[in-house]
Amino acid sequence: MQLKFAKRMENIKASEIRELLKLTQRPEIISFAGGLPAAELFPVEEMIHISKEVIEKHGSKALQYGPTEGYQPLREAIARRMEKVNVHMTANDVLVTSGSQQGLDFAAKIFINPGDVIIVEKPSYLGAINAFKAYEPKFIDIELEDDGMNMEELEEILKNTENVKYIYVIPDFQNPSGKTWSTEKRKKLVELANKYDIVIVEDNPYGELRFEGEILPAIKHYDTEGRVIFFGTFSKIFCPGLRLGWVAASPEILNKFILVKQGADLQSSTISQIEVATFLENYNIEEHIEKIKETYLRRRNLMLKVMDEEFPEGVKFTRPQGGLFTWVELPDYINTRDLAVKALEKHVAFVPGGSFFANGGNEHCMRLNYSAMSDELIVEGMKRLAQVIKEAMK
C-alpha cells in the first residue's frame, strides 16, 4: 500500500519528552524528565465531591455540548484570575482551550504560512517548537540571557527580517531554563513589537508558582495595541488531566482562535469546565497553590543542594525562583543524548537539551524537573546522575 501523507508530516516528529515518559512509567525509574506536577498534591477528595455535585446539579448541561468560547462562569473566573498577573479583562476576552498546548497549535495555524518566520528564545519549549513545525515556518532563535531575550539582537533581527509573524516567549520560570524576564525587558519587548508591528505569543503556565519575591506583571500588562496573545493553563496550578487552558487576546485575534477551535474540536470538555468552575467557587485555590509552592520550593532547594555537593566542577545550572525546572550545561564535548542512555541504565531519566533549540545544536545541555519526585528520590536520583556525569567527564 502506497500511503501519500501530507508534506507537513515530514516536519512532525515524536516528542522526545513523550517518548521518554513511556520509559519512566517503569516503577524503578527515578524521573526528572517530564514537566509533571506532584501527583500527591492533586485535590482528589475535593474532586470526588465536586464530580458528584456537578452531575447532581448540572447533569444534563455537563454532559451536553457547550459554546466554543467555553463555560461562561469559568471564563469569568479566568478573567478574575488574570488580575494576579496585572491583566484586566472580561470573560469576553477569554477562550477556553484543551490545555494551552492547543493554543500553541492554533497560533501557528492562524498566523503561519510556509516560510514565515517565528522568533523564539534560545532555548525554548520543545512542545511549542513541535507544534509550530507542522506549519513549516523558519525559526530564528535569540539568545536567552539571565533576565530574558537579548533585546539588541532581537531588534536587529526585526529590523532586517521579512515575514516575522510572531515572537514566542515564556517569561516566567521558562521551560526549559527556569529563567525569568525582568520588567524592563517585558516593557522593551512590547515596545519593539509595536515599532515593528509584530504579534507576541506569551506562554505563561508557571507564573503563579513563584517561590521568591512578588509575581511580576505579565507581558500582556504592557500591551497597548492588542498584539499580545496570552496562554494560561490549569495544568500546573491544579490538575493537568482535566486538559483545560485558555487564550486571552484582543477581539480581532480571539475571533480567529474561536473559528479554528470550531474546526478542531468544537469545544473543550463541558463537564471538566463545570468541575473547575465549581472548585473555584467552593474551595480556595490560593491555598492549594500555596501548598504546591511550599513543596516545590523544598524540592528545588534539595535538588540544588545535591547538585552543589555532587556535580563535578565545570557543570553549570540555573537557580530558578519558581516553576518546575532547572537547566544544566555540561562541557561542550558531552552529548546528553548519549548521557541519557547511560543514566537510564542507572534508572534515572532526564530530557536531553538539544531538542529545546529550534535550529538544533547545543547537545551538551539537559533539563531537570524537581516537582514530581519525592524528597528521597530526588537525593538518590541526583547522586546517581552525578556519578554518570563524572564518568562521562573523566
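On a 1 Å grid over the protein atoms alone, a cavity is a set of points where a 1.4 Å probe fits but cannot get out, and its lining residues have an atom within 4 Å of a point. This is a predicted model, in which local features need pLDDT of at least 70 and side-chain atom pairs count only at pLDDT 80 or more, while totals for chains, interfaces and linings use all residues. Residues are numbered from 1 along each chain as its sequence is written, and side-chain values use heavy atoms, with hydrogens and water left out.

**Exercise 1.** Find which residues line the second largest cavity, and state how they divide by class.

*Solution.* Next, list the lining, which consists of P37, A38, L41, F42, F238, H288, I292 and Y296. Finally, sort these residues, counting Ala, Val, Leu, Ile, Met, Phe, Trp, Tyr, Cys and Pro as nonpolar, Asp, Glu, Lys and Arg as charged, and the others, Gly among them, as polar; the result is seven nonpolar, one polar and no charged residues.

**Exercise 2.** Determine which strand gives the most residues to the lining of the largest cavity.

*Solution.* The largest cavity holds about 120 Å³ of space, and its lining includes R81, E208, F230, G232, T233 and W246. Strands are DSSP runs (E, at least two residues), numbered from the N terminus, and strand β8 (residues 228–233) contributes the most, with three residues. By class, the lining of the largest cavity has six nonpolar, four polar and two charged residues.

Definitions and conventions: 1 Å grid on protein atoms, 1.4 Å probe; cavity = no way out; pocket = protein on both sides within 12 Å on 5 of 7 lines; lining within 4 Å. Points joined across faces, edges and corners; volume = space filled by probe spheres on them. Helix = DSSP H or I, 4+ residues; strand = E, 2+ residues; numbered from the N terminus.
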